[in-house]
Amino acid sequence: MFLLIIMHKLLKTTELLGKIFNQEERANEIIDFYTSKTNEVKNRLSETEKEKPSVYIEVGSKGPAEYGNSYGDSVMWGALAKDSGGDNIAAGIINTWEPINPEFLLRANPDYIIMTGSYWPATPDSLRLGFLSTEEASQELLKSFTQRSGWEGLKAVENKNVYAIHHGLGREMYDCAATEFFAKVLYTEEFADINPMATLQEYYDRFLPFDLSGVWMMQLK
């Protein structure tokens, strides 16, 4: 429900801006792009009968030494995980956003871990993603989170089902790429032909006045 509200606001805001700046055709192109991508994910998920995989989401802003925020299933990344067919382990434990209890996480033993990264210069070992980030450096930072006490026994870590996505991708018109990313992580076979990074690249190429660079989503190698 939360995502539906946010999606409605994004679409209505884009439509309104198109009218204000006399760019209605352009606004409709963006809206059509967004809705076609999100509807495709929704339609494919409606056809799968697989058991929902469990997922843990954490903002990597504090570095490995301190747990960052996780989300309930009605807010931002938690809502996105739910709408992407995931069983968010924080649902019912966290209402909005706050760090999860480490012991609870270890007991829950999720199938997947998704960290979010950005640029938080006050914390040098925070997860770095986005413009000017590099694959090598971001991989090392992501790996450092998996070296927390007890994480070596998590099946997500053992199976290399640890992923990262840019924190800002969950709150813009291009969050359709984030929706694709979550769905592909959780249902790899069903979304084998979907390329979330290509979707983000296309959005930049068609609708934004600057070039995309850096690492925006990845899997731990």
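This is a predicted model: local features need pLDDT of at least 70, side-chain atom pairs count only at pLDDT 80 or more; totals for chains, interfaces and linings use all residues.
## Basis

Local features need pLDDT of at least 70 and side-chain atom pairs count only at pLDDT 80 or more, while totals for chains, interfaces and linings use all residues. Residues are numbered from 1 along each chain as its sequence is written, and side-chain values use heavy atoms, with hydrogens and water left out.

## Helix α2

Helix α2 covers residues 24-47; helices are DSSP runs of H or I with at least four residues, and strands are runs of E with at least two, numbered from the N terminus. Its 24 residues reach 34 Å from first to last C-alpha, close to the expected 34 Å (1.5 Å times one less than the number of residues).

Buried residues of α2 include Ile 30, Ile 31, Phe 33, Tyr 34 and Arg 44 (buried: under 20% relative accessible area, 1.4 Å probe, protein chains only).

## Packing of α2 and α7

The axes of α2 and α7 (residues 175-186) come within 9 Å and cross at roughly 15°; axes are lines fitted to C-alpha atoms over the stretch in contact, with angles from 0 to 180 degrees between N-to-C directions. The two helices are therefore roughly parallel (angles under 35 degrees).

Phe 33, Tyr 34, Lys 37, Thr 38 and Val 41 of α2 make the contact with Asp 175, Cys 176, Thr 179, Glu 180 and Ala 183 of α7 (heavy atoms within 4.5 Å).

## Strand β1

Six of the six residues of β1 (residues 54-59) are buried. Ser 54, Tyr 56 and Glu 58 point one way, and Val 55, Ile 57 and Val 59 the other.

Ser 54 has Asp 87 of β3 as its bridge partner, and Val 59 stands opposite Thr 116 in β5.

Terms used
Buried means under 20% relative accessible area, exposed over 50%, partly exposed in between (1.4 Å probe, protein chains only). Two strands pair if DSSP finds at least two bridges between them. Angles under 35 degrees count as roughly parallel, over 145 as roughly antiparallel, 65 to 115 as roughly perpendicular and the rest as oblique.
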